[in-house]
Amino acid sequence: MVGGAVLASVLFGTISCVALFASIVGADDPYRFFTWNVTYGDIWPLGVRQQGILINGQFPGPDIYSQTNDNLIINVFNSLDEPFLISWDGIQNRRNSYEDGVFGTTCPIPPGKNFTYILQVKDQIGSFYYFPSLGFQKAAGGFGGFRIYSRPLIPVPFPTPADDYTVLIGDWYKANHTTLRETLDAGHKLPFPDGILINGRGSGTTFTVQQGKTYRLRISNVGLQNSLNFRIQGHTITLVEVEGTHTLQTVYSSLDVHVGQSYSVLVTADQPPMDYYIVVSTRFTSPILTTTGVLHYSNSGSPVSGPIPGGPTIQIDWSLNQARSIRQNLTASGPRPNPQGSYHYGLVNTTRTIRLQNSAGQVNGKQRYAVNSVSFIPADTPLKIADYFKIEGVFRVGSISDYPTGGGIYLDTSLLGADYRAFIEIVFENTEDIVQSWHLDGYNFFVVGMDGGTWSPASRNQYNLRDAIFRCTTQVYPNSWTAVYVALDNAGMWNLRSEFWARQYLGQQLYLRVYTTSTSFRDEFPIPKNALLCGRAQGRRTRPLL
């Protein structure tokens, strides 16, 4: 229970921060206020009692509903016994990486304390999620859906659905996150997951529909490592949106959702009135994990029946061809009324190519994962805060190479420097026998190409320079490459990571410092007045209120 004096202090601090934020972004955009209490609680997703992480008593946590340009004031109380942060997968936090909620940008919320995130979903629409970013806590819950609706006057390229459901899928362990973390800290790999969850349940999650109506499903893979295939017995699904971008409306019998990715699909209840299996299964694994939910017709005359519909299993080409078929809808409006195709990215010359190659190995007898041979270790102070206060010795720009070095794995706080407003090419090179998944905070990028084998400059001849999907998380198939173009129009310190969570935890990540010498708020916001300070920044002062 929060005492009155503490609550008054928190309220005053929040109002002060909101006043400062409003003076920067303009007070015309609506505000939405949230208060979250993060606690432990018993959960039984796979029939075994576990210690879960709950938000306001919920597992998964509550959905965030917002509209383009809304300001979101989210006051998070940490009632756990360890530090905690929430990050916002796909939310760009434009000009404001301090609010990104990863340790490279934001000091953790200590046990028994609170922190108020001040976010603006500037120029964004679509389907995303949030999750705990520290200490492998994602394996205990603390995640939830995050949706951004279009503004009323902005046309959406499909009729308003009868309802709109969040569908959080992911692999899951029966062990507590603390046990999994101890395994990783000891330098060991994790075993294969125990099952798959749909909205926090190992089976039986039900979505009710009325015959003849169409529904939107916002599917996010919030799991720890595995690509998953999603399908509905007797129904097709129509893809309409990927991580904030309206797509060509392609019809699929099933959809591969790689770890960290989010999709919106439409499903029409056009079959005889009964219940149908919703199936989620792992891809490219042996054994194959499968779970089921239920699409329940409101006038259903019978329960689910028949064999569980099968899906693709290990076929890489099937998944690659599907990925290539996912394209931007160039004529649809995005968050603004102008068509998504107005930005002709294929006519812009790139100024730099960064090649990033993942690898696995041991350092000092312990399992580690690396990018361009560097296995990331956190500094003692968040990099963005150290950068603001000009604290020397916390990080070194260029501590990771732009290209694979071929050397053995070593430990460092890997950080790449990049120029604000540059237009660059990033090539993800996967020489391993796993499916990799990469996410860049603060940005969407154009996925211009992916193929098997080794990338070379000649690979650019097959790039899609017209309607490539614009998203924030992309897969890289085994012994393959994926190339993306990204316009660096969001100054700040941004995490680039593997969404294979054990790999991220053991070093397969880096930070991209998008830097400008400008001090204008038009380019980057100041450090928040309420920013928590830790490490070598402890005891310093944030900016005063205006």
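Mentor: Let us begin with Asn479, which is partly exposed because its relative accessible area is 37%. In this predicted model, Asn479 sits in the loop that links β30 (473-476) to β31 (480-487). Its phi is positive, about 50°, although Asn479 is not a glycine. Most residues other than glycine have a negative phi, and most peptide bonds are trans.

Arg421 belongs to the loop between β25 (415-419) and β26 (423-430). With a relative accessible area of 58%, Arg421 counts as exposed, because the cut-off for that class is over 50%.

Gln137 is buried, because its relative accessibility is 1% and the class requires under 20%. Beyond its neighbours within four places in sequence, Gln137 makes contact with Ile53, Leu80, Glu82, Pro83, Phe84, Pro132 and His177. Between the C-alpha atoms of Gln137 and Asp100 there are 17 Å in space, and the two are 37 residues apart in sequence.

The wider fold may now be considered. The largest nonpolar core comprises 64 residues, and Leu217, Phe230, Leu356 and Leu488 have the most contacts inside it. Not counting residues up to four places away in sequence, Phe230 touches several residues, among them Val167, Leu217, Ile219, Ile237 and Leu255. A second, separate core holds 26 residues, including Val38, Leu72, Phe115 and Tyr130.

The largest pocket has a volume of about 900 Å³. It is lined by 31 residues, of which Arg94, Asp123, Pro335, Phe470 and Asp489 are the closest to its centre. The lining of this pocket is made up of 10 nonpolar, 12 polar and nine charged residues.

Finally, a word on confidence. The average pLDDT of the protein chain is 95, and 95% of the residues score at least 70. Over residues 1-13, however, pLDDT stays under 50, and the model has five contacts for them beyond four places in sequence. Where pLDDT is low, the predicted coordinates should not be read in detail.

Key: Residues numbered from 1 in each chain as written. Predicted model: local features only at pLDDT ≥ 70, side-chain atom pairs only at ≥ 80, totals over all residues. Heavy atoms only, no water. Core = buried A, V, L, I, M, F, W, Y, C linked by side-chain atoms within 4.5 Å. Buried < 20%, exposed > 50% of the residue type's maximum accessible area, 1.4 Å probe, protein only. Contact = heavy atoms within 4.5 Å. 1 Å grid on protein atoms, 1.4 Å probe; cavity = no way out; pocket = protein on both sides within 12 Å on 5 of 7 lines; lining within 4 Å. Points joined across faces, edges and corners; volume = space filled by probe spheres on them. Nonpolar A, V, L, I, M, F, W, Y, C, P; charged D, E, K, R; others polar. pLDDT = per-residue confidence, 0-100. Helix = DSSP H or I, 4+ residues; strand = E, 2+ residues; numbered from the N terminus.
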